[in-house]
Amino acid sequence: MQQFLYINWNPDLFAFQIGSWGLRWYSICWFIGLASAFFIVKWLYNHQNITFQERVYGKEKTKINVFEPLFIYCFLGILAGARLGHCIFYQPEYFLTSFEHIIEMLLPIHHMPNGSWKYIGYEGLASHGGTIGLMIALWLYCRKYKVKLWTVLDNIAIATPITACFIRLGNLMNSEIIGKVTDVPWAFIFHHVDQYPRHPGQLYEAIAYAFFFFVGLHFYCRTKKPVGTGFYFGLCITLIFTFRFFIEYTKDIQVDFEAGMPFNMGQLLSIPFVILGVYCMLRSRKKQA
C-alpha cells in the first residue's frame, strides 16, 4: 500500500522549446534565485543608506551607486566558482586530463567523439565552489568600490539562503543530486534516473534554506542585530553547511571515488565553512561589545 504514496517524479526538463533550443526549468530556478537576492540586497542597501557613496575624483566630489555593480560581481563569482568547484572537487580525473576537457570546464560546450563541439550548458555546479567564488568576488568588489567587506558579506548572507533554495529546486527539476533508496512514504521515484523510491534530498535542502532565510530576516527586522559585524555571514554559512553535512547521509554518492569514504566530498568541504561560520559569529559578539 505504501508504494502508492510515492511521488512519481518525471517532469519535462524544459519549460518550453523552440526547435532544438529550449529553456530549462533549472535555468529558470537559477534566475529566480538570483533575482530574489538582487531585490533583497537592493532593499537592504537602501534601508541602510549605503547605495550611494561619495567619492573624490581630483578636486570634485561625486556620488556613485555602489550597489549596481554588485550583482555582476556576485553572478560571475558564483558561476565561475560553482563550475570550477564541481570540476576540481568532483571530476578532476576528467576535466584536468586534456586540453579539450579544460575547455569544457571553462565553456558550456562538450567535445564530441567526431571532433566537433556541442553546446550543452554547464552540467555540474558545486555549491561549495560557488561559495568560495562568491567570497572572492565580494572581496574584489569591496577593494574597487571601497565598501566595508563585513557589511557586504552580512547583507549578501541575509539573501543567500533564498537563492540556494531555488537552486536546489532547480536540481529537483533536473532529477539530480538524488537521495538514497528508501521506503519513507514521501519518497520520490526519479524516472529520469531509475525506478527506485529515493529521498528527495534536493527538496529537503530547499525547504531548509527557505527557513534559514526567514531566520536571518527575523534577526535583521526583529532583533535589530547590526550589519557589518559578521554575524549574518557567520549565521548563514553555519546553518547551511551544518545542515548540508547531515543531509548528505540521505544522498546517494555523486562520484565513484566517494564509495567507502567515511565522509563524502560534500561533508568534507562543509567542515571548514562551519568552522569559519562559528568563528564569525563569535567575532561579531566582540564587535558588538
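Predicted model: local features only at pLDDT ≥ 70, side-chain atom pairs only at ≥ 80, totals over all residues.

Biologist: How many cavities of 30 Å³ or more does the structure hold?

Modeller: One cavity reaches that cut-off.

Biologist: Which residues line the largest cavity?

Modeller: Ala157, Ile158, Pro161, Phe212, Gly216, Tyr232, Leu235, Cys236 and Leu239. Two or more lining residues come from each of helix 6 (149-173), helix 7 (201-223) and helix 8 (231-247).

Biologist: Which helix gives the largest share of that lining?

Modeller: Helix 8, with four residues.

Biologist: And by class, what is the lining made of?

Modeller: Eight of the lining residues are nonpolar and one is polar, with no charged residues.

Biologist: On to packing. At what angle do helix 6 and helix 7 pack?

Modeller: The angle is about 165°, and the axes are 8 Å apart. That makes the pair roughly antiparallel, because angles over 145 degrees count that way. The crossing of helix 6 with helix 7 is left-handed.

Biologist: Which residues of helix 6 and helix 7 make the contact?

Modeller: From helix 6, they include Ile158, Pro161, Cys165, Arg168 and Leu172. From helix 7, Glu205, Tyr209, Phe212, Phe213 and Tyr220 are among them. The contact of helix 6 with helix 7 has 15 nonpolar, two polar and two charged residues.

Biologist: What about helix 5 and helix 8, how do their axes cross?

Modeller: The axes of helix 5 (residues 127-145) and helix 8 come within 12 Å and cross at roughly 165°. Helix 5 is therefore roughly antiparallel to helix 8. Their crossing is left-handed.

Biologist: Which residues make the contact there?

Modeller: Helix 5 brings Ser127, His128, Thr131 and Met135, while helix 8 brings Phe233, Phe241 and Arg244. Three of these residues are nonpolar, three are polar and one is charged.

Biologist: Is the crossing of helix 2 with helix 5 left-handed or right-handed?

Modeller: Right-handed. The axes of helix 2 (residues 68-90) and helix 5 come within 6 Å, crossing at roughly 145°.

Biologist: Which residues make that contact?

Modeller: Helix 2 contributes several glycines, including Gly77, Gly81 and Gly85, and also Tyr73 and Phe89. On helix 5, Gly129, Gly130, Gly133, Leu134 and Tyr141 are among the contact residues, and so is His128. His128 also takes part in the contact with helix 8.

Biologist: How do the residues of the contact of helix 2 with helix 5 divide by class?

Modeller: They divide into 15 nonpolar, seven polar and one charged.

Conventions
Residues numbered from 1 in each chain as written. Heavy atoms only, no water. 1 Å grid on protein atoms, 1.4 Å probe; cavity = no way out; pocket = protein on both sides within 12 Å on 5 of 7 lines; lining within 4 Å. Points joined across faces, edges and corners; volume = space filled by probe spheres on them. Nonpolar A, V, L, I, M, F, W, Y, C, P; charged D, E, K, R; others polar. Axes fitted to C-alpha atoms, helices over the stretch in contact; angles between N-to-C directions. Parallel < 35°, antiparallel > 145°, perpendicular 65-115°, else oblique. Left-handed = near helix turned anticlockwise from the far one by under 90°. Contact = heavy atoms within 4.5 Å.
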